[in-house]
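Thank you for coming, everyone.

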Amino acid sequence: MAKKLHDTPMLDQLESGPWPSFVTGLKREAAKKDIMVDLLGQLETSYETKKGYWKGGTVGVFGYGGGVIPRFTELKDENENPLFPDAAEFHTLRIQPPAGMHYDTATLRKFADIWDKYGSGLIGLHGQSGDIMMQGCSTANVQPAWEEINAMGFDMGGAGPALRTSMSCVGAARCEMSCYDEARALRTIINANIDDMHRPALPYKFKFKFSGCPNDCVNSIQRSDMATIGTWRDNIQVNEQLARDYLKGHGMDKLVNDVISKCPTRAITLRNKADAISGDSISTVAVDDQHVIQIENHDCVRCMHCLNVMPGALLPGKDKGVTILVGGKSVLKIGATMGTVVIPFMKLESEEDFEKLNELSRNIIDFFAENALEHERTGEMIERIGLVNFLEGLDLDIDPNMVNHPRANPYVRMDGWDEEVEKANERKAAA
Amino acid sequence: MAELRAPDECGVPDPMPFMHPTLRENYGKWVFHSHPKPGVLYHRAENGAEVWTVKFGTARQLDGYTIRLLCDLADKHADGHMRFTARSNVEFMLTAESKIEPLIKDLNSHGFPVGGTANSVTMISHTQGFLHCDIPGTDASGVVKALMDELHEEFIKCEMPNRVKISTSCCEINCGGQADIAVIMQHTKPPKINHDLVANVCERPTVVARCPVAAIRPALVNGKPSLEVDEKKCICCGACFPPCPPMAINDPEHSKIAIWVGGKNSNARSKPTFHKLVAAGLPNNLPRWPEVGAVVKKILTVYKADAQPWERMADWIDRIGWPRFFEKTGLPFTKYHIDDWRGSRTTLNASTHIRF
Ligand code: HEM
Ligand code: HEM
Ligand code: SF4
Ligand code: SF4
Ligand code: SF4
Ligand code: SF4
């Protein structure tokens, strides 16, 4: 039994309504724990004054330099005594979930038990970067709680100027669009560079994200410094039975309006069977006895739209791999940036392929560590030095897939033209 | 201190031992999915193996009782496994169609809304707010709860033209991310500097460097080293506040809420896009932010009525044009909608493409 609840008239208004209420959850814990009684007191004060009352500090676990988000209350009386003493320390442990956020119930129960014992009982599943957020722990309890969590086989996530916790989509586990083993790629890269997560020493944060296809369900282009996104080089695969089922279920107008006319590059054509064209780069599938749809795969940009609308009838090709984009980040300081292509295609199947991806990520982190200014993200660094300098620093070949269009202004010194043409010819010969 | 245990740097756990057995056995072998009803997905693997997924919403901030309840439900219905989506929805995997309805009944009886699949308004991706951030201008969980109460029907039905992803952020750093509709704190007054504190706690060069418009200068105030802000230059972004808490940017009255639309992460049809400003100046009206809810619902109502199937918010506006977006939603177009930050010329209409 905990001490008496503070009055929380503002928060109480968030207990009604059809959506599950976090306030009701906080109150359930407050019935057992003083830390939650006082957390509710501080939160209610924030609601009344529209002000936050946490400040950071330094709290960590033995052996690591990051992963705990320290929070100390700033709500104090004139003698510097906290108004809500039992929640005066309310730290969070960021814990990395299994790739894809799969759990068995035994594991979740254990987390709940550990957090009953050492913390507030409140667990955020999950943070925007993908961490299990064990929220509300006193300074004294951080170490013992961590030791029990670590003994379960779970490791601390990232915070500060460090490699951050990563995310991958559900992908191969339950999605036919998946073009590579997302979980394996995530674990290969993160676990090989785990030192940069636990001992923050980079110019600023660095995030990897992994999506199995261009639907990019984990928002990797906009939210990660290096995005690994599945794609394919050969023709879209087709399944005639499912294509016919689609037409039967939806009708010709849907096929035309929802699928064909929404292809961004007009790569899809509806033809009478008799007029069907043939060629190595054409995917053809009959939708009824009279009509076929045909996709010119050289024109297709792998946007996923038609595959999304006709699931199973159209599937990614067999020659799968990944596209790598670098430099996505949020607003601070130059404005939000998206990742841009640095590798249009690489295979990601064999041991060596994964090793190559691993090496690439290590090189990118190293380049970032050496060249970024303090508090500068990778995208800002690239904007400052130019993409070409970044590519040359990493020994990556340039490629027209990296631009929307060639430069539109003449303000550049081009006396190295002949050498560059030679290099382009060499690249062509090597390909 | 001798007992301190050195960490086992085990890294990201292998998902296989945690994964539902049907997913594990068919890893990388799925060939088909369909959407039998809101909140339910069907997947088939190449060998014919089948799995039904039931998806439902949570408060994200979960207390021990709720976590154990989820575990009890998963043990009873879903072979003791579950997974979470990036938006804090939970997915239970079922091996027979007959298990769907009993599960949904059980979930609903415990207050979990089933939905969030395909062309629904799914759970709002959210930030930390008053609960745990040290710089928030407003709350996060509360805004999300208030909005999801309003949008509950759109979560449990799937009646939108395409999926709708909403995010909220309690400062302009925008941890919530790009979204079809993003609700973001927007400060409107420069920071009020607490000069007494600057002298004590502030690493002044760091703060000076953090300002995107170089509005901060070191200065002597009352004989003590402090900072001053050129209020004409200041864009009220709040970037100086995290490294220097005396730069008080949060203001109960002047910190407002802005709404942005048309962000899209997926590459489907158009390339990914950033969201664009459509409304601002909304009051930070706790605990239920009714003014914000009203604008979000207005935008969704127009989108739902007007967009073609499969058009995301950005695709729809791309077709109808921004003037008609403002016309149809009734939102005023102001000078603040015209960008003047770097690169802004590319956002101007350099053509005679005008819809009448
Ligand atoms: C100082 C207080 C801050 C707190 C308490 C805070 C807290 C958080 C938390 C809890 C998350 C989710 C993390 C997770 O999923 O594990 C997050 C995400 C994020 N934070 Fe912060 N943050 C702070 C400052 C900042 C600053 C200064 C920036 C940028 C300069 C920033 C940018 C972001 C971004 C962009 C995300 C989204 C991550 C993503 O892309 O997935 N945050 N923040
Ligand atoms: C069977 C698996 C899945 C399929 C087939 C699928 C399909 C799709 C499709 C078709 C889109 C949108 C494309 C469009 O804009 O038209 C999309 C977007 C998205 N999906 Fe999934 N998805 C799957 C699983 C997931 C999961 C498990 C999550 C979350 C953990 C997720 C999160 C998202 C998000 C956040 C977006 C939006 C990106 C944006 O804002 O554009 N998806 N997905
Ligand atoms: S990104 Fe692609 S492969 Fe991954 S879950 Fe989304 S649709 Fe499936
Ligand atoms: S995946 Fe290719 S063919 Fe299909 S809609 Fe997109 S660009 Fe067109
Ligand atoms: S959006 Fe801003 S205030 Fe909210 S959690 Fe992120 S950093 Fe904190
Ligand atoms: S609020 Fe932003 S623009 Fe204003 S002084 Fe601070 S960092 Fe500079």
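In helix α8 of chain B, the residues M313(B), A314(B), D315(B), W316(B), I317(B) and I320(B) are buried, where buried stands for under 20% relative accessible area, exposed for over 50%, and partly exposed for what lies in between, with a 1.4 Å probe and protein chains only. Six of the eight residues of this helix, which runs over residues 313-320, are buried, so the helix is largely enclosed by the rest of the structure. Helices (H or I, at least four residues) and strands (E, at least two) are DSSP runs here, numbered from the N terminus.

Before I go on, a word on where this comes from: it is a predicted model, in which local features need pLDDT of at least 70, side-chain atom pairs count only at pLDDT 80 or more, and totals for chains, interfaces and linings use all residues. Residues are numbered from 1 along each chain as its sequence is written, chains are lettered from A and ligands numbered from 1 in the order in which they are written, and side-chain values use heavy atoms, with hydrogens and water left out.

Staying with chain B, let us look at N174(B), which sits in the loop between β7 (166-169) and β8 (181-187). Is N174(B) buried or exposed? Its relative accessibility is 3%, so N174(B) counts as buried. Leaving aside residues up to four places away in sequence, N174(B) touches R223(A), S330(A) and V331(A), as well as S169(B), I184(B) and H275(B), a contact being heavy atoms within 4.5 Å.

Next, the salt bridges, each of which is a side-chain nitrogen of Lys or Arg within 4 Å of a carboxyl oxygen of Asp or Glu.

Another salt bridge joins E148(A) and K117(A), at 2.7 Å from N to O. Here E148(A) belongs to helix α5 (residues 139-151) and K117(A) to helix α4 (residues 105-118) of chain A, so the pair links parts 31 residues apart in sequence. E148(A) is partly exposed, at 28%, while K117(A), at 54%, counts as exposed.

In chain B, K192(B) and D251(B) meet in a salt bridge of 2.9 Å, N to O. K192(B) is exposed, with a relative accessible area of 54%, whereas D251(B) is buried, at 13%.

Finally, the ligands. Around ligand 5 we find T127(B), Q128(B), C133(B), I135(B), P136(B), S169(B), C170(B), C171(B) and C175(B), each having a heavy atom within 4 Å of it. By class, this shell has six nonpolar, three polar and no charged residues; Ala, Val, Leu, Ile, Met, Phe, Trp, Tyr, Cys and Pro count as nonpolar, Asp, Glu, Lys and Arg as charged, and the others, Gly among them, as polar. The shell around ligand 3 has six nonpolar, five polar and one charged residues, and its members include C169(A), D216(A) and C217(A).
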